Amino acid sequence: VVEHIPNVTPPLMDRLAKLGVIVSTNMAGYAGNYDAAVRALGQDQAQRQTPVKEMLDHHLVVVIGSDYAGPNPDTTTSNNPFVPLYYYVSRKTRDGRVLGPQEKISREEALRIATYNNAFATWEEKVKGSIKPGKLADFLVLSGDFMTIPEDEIIKLRPLATYVGGRKVYTAPESNGAF
């Protein structure tokens, strides 16, 4: 597994794919480092920060990651997994700028990299990562439908209930225990 590589090039993607390397991405670009990236890498490369679509097109197994530093209001990272999913689907930065729209991926692709692919990266794809008979029943009940809500609402999704192994382990206060 290689971490981050927000500025990976197509030749390196080919090499990583040939070696069977899994890519754990973060959301470089989302937090607003675009101007610094332009100065360091040039505009074309800065637009491609975290080129998830290209990585998938190069047949890489991509998993979602973060640099969550803990509950600190001064950090630029978040523990909300919908932030990178929002960025990968919309390519919109925190300040609303669109970076490399050609790198947008579908919601289905985003959901797969956040679920099945993460299970694959830990050799657990046979027991979790998708909803199938015989697998652990790990799932969330969300405040909206990730597949159909407006794009800008993805970042606002919140869990109403969390189930691990089919057992409820969390209920959001606003759900009034409905799940």
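Which residues lie nearest the centre of the largest pocket?

## Basis

This is a predicted model, where local features need pLDDT of at least 70, side-chain atom pairs count only at pLDDT 80 or more, and totals for linings use all residues. Residues are numbered from 1 along each chain as its sequence is written.

## Largest pocket

Ala114, Thr115, Asp138, Phe139 and Leu140 lie nearest the centre, among 26 lining residues. A pocket is an open set of points on a 1 Å grid where a 1.4 Å probe fits, with protein on both sides within 12 Å along at least five of seven lines; lining residues have an atom within 4 Å of a point. The pocket's volume, the space filled by probe spheres set on the points, is about 780 Å³.

The lining has 15 nonpolar, seven polar and four charged residues. Strand 4 gives the most, with three residues. Helix 5, helix 6, helix 7 (116-121), strand 4 (139-142) and strand 5 (159-164) each supply at least two. Helices (H or I, at least four residues) and strands (E, at least two) are DSSP runs.

## Helix 5

Nine of the nine residues of helix 5 are buried, so the helix is largely enclosed by the rest of the structure. Buried means under 20% relative accessible area (1.4 Å probe, protein chains only). These residues pack against strand 2 (22-25), helix 4 (52-57), strand 3 (61-64), helix 6 and strand 4. Contact means heavy atoms within 4.5 Å.

## Helix 5 against helix 6

Leu85, Tyr88 and Val89 in helix 5 meet Arg107, Ala110, Ile113 and Ala114 in helix 6. By class, this contact has six nonpolar, no polar and one charged residues.

Definitions and conventions
Side-chain values use heavy atoms; hydrogens and water are left out. Ala, Val, Leu, Ile, Met, Phe, Trp, Tyr, Cys and Pro count as nonpolar, Asp, Glu, Lys and Arg as charged, and the others, Gly among them, as polar. Buried means under 20% relative accessible area, exposed over 50%, partly exposed in between (1.4 Å probe, protein chains only).
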